[in-house]
Amino acid sequence: MDFALTEDQAGLKAAARTYLEDTYGPERIAENDLAAWPELVRQGWLDADLSLAELVLLAEEGGRALHPVPWFATAGLALPVYHAAGVEPPGPATLADGSETCRAARRDDGWRLDGAVQAVLHADVATEIVVAARTPAGVALFGVDPAAASLSARDGVDPLRATSDVALAGAEARLLIGPGAAASLLTAIRSRATTLLAGEAIGVADRALAIAVEHAKTRSQFDRPIGSFQAVSQQLADGYAEVELARSLAYRAAVAATAEAVACAAHAASRAAVSVCETAIQVCGGMGVTWEFPLHRWFRRALWLEAELASGPLEAIAHSLFGEHS
């Protein structure tokens, strides 16, 4: 199977990088930018005809730039629900999986939801929250106005990935996907989201490596760039190999989304993001751990990604190798 990018995919990746580099310089990394949402829609970042492979390329470039918009929550989590329902998303959206904690009841004036979901990504800026809730006939997916819910912000390692606890008490909701299709759609969304986060982790690792390489070229000791020392160059070479391996596995998962492929991509990419960020901090020395130097922001995202991708990959890989004996 050929995992090389097509001409269109390479062009998409290059255009995304150009846009993000031109729009989000180092001085804007820590700023949430909801005003950019219409531009993303205009550029086609939410188009229904984008394949998973193309979305992974966008996720990769988003991670490289720490793109400060709720694109992943929308494209990775909520958008498949809107597409399946045949409706347009009202704007930035997110998904709250309350399939075990929320109940939906049919009333004369529509559906009402009760329950709570913890750590819902970007619920604070979403125009609608897609909630998975249990009905008498099974799990269904509903659209809920955030104004109808009670949101409690949670502290997290990455301030650009804000999460909130969402409480629902008789909240009005519109039915998007009924019980017949919701459960299988949720399973597909989990696989899709994991693959996109693997792509994002590659972008994080790639940018951290680029920062470290640039520092190694320009920082001198004993009248020589520190990159000329084997102790430094070997670490950077190892980081490069780790990034390329993770990238290959993520691209494989994007075109052959088996449980094994997705698990391998998640494990390799999250590991590469943390490892390469740690290497970059070490190469940059004391400057690498200061608040003024931006590297810690990619490290924060790497830690967030590691936590999000931690559950399941190794078990899935073991199961693919050893079957029911794992």
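Q: Where is Ser150?
A: Ser150 sits in strand 6, residues 150–154; strands are DSSP runs of E, at least two residues, numbered from the N terminus. This is a predicted model, where local features need pLDDT of at least 70, side-chain atom pairs count only at pLDDT 80 or more, and totals for chains, interfaces and linings use all residues. Residues are numbered from 1 along each chain as its sequence is written, and side-chain values use heavy atoms, leaving out hydrogens and water.

Q: And what does Ser150 touch beyond residues up to four places away in sequence?
A: Asp165, Val166 and Ala167, with contact meaning heavy atoms within 4.5 Å. Ser150 and Asp165 are 15 residues apart in sequence, with their C-alpha atoms 8.0 Å apart.

Q: Switching to Arg301: buried or exposed?
A: Arg301 is buried, at 1% relative accessible area (buried is under 20%, exposed over 50%, partly exposed in between, with a 1.4 Å probe and protein chains only). Ser150, by its 43%, is partly exposed.

Q: Which side chain does the Arg301 side chain make a polar contact with?
A: That of Asp158, at 2.3 Å. A polar contact is a pair of N or O atoms within 3.5 Å; within protein, one must be able to donate a hydrogen and the other to accept it, and residues adjacent in sequence count only if both atoms are side-chain atoms.

Q: How many disulfides are there?
A: The count is 0, taking a disulfide as a pair of cysteine sulfur atoms within 2.5 Å. For Cys284, the nearest cysteine sulfur is that of Cys277, 11 Å away.

Definitions and conventions: Helices (H or I, at least four residues) and strands (E, at least two) are DSSP runs, numbered from the N terminus.
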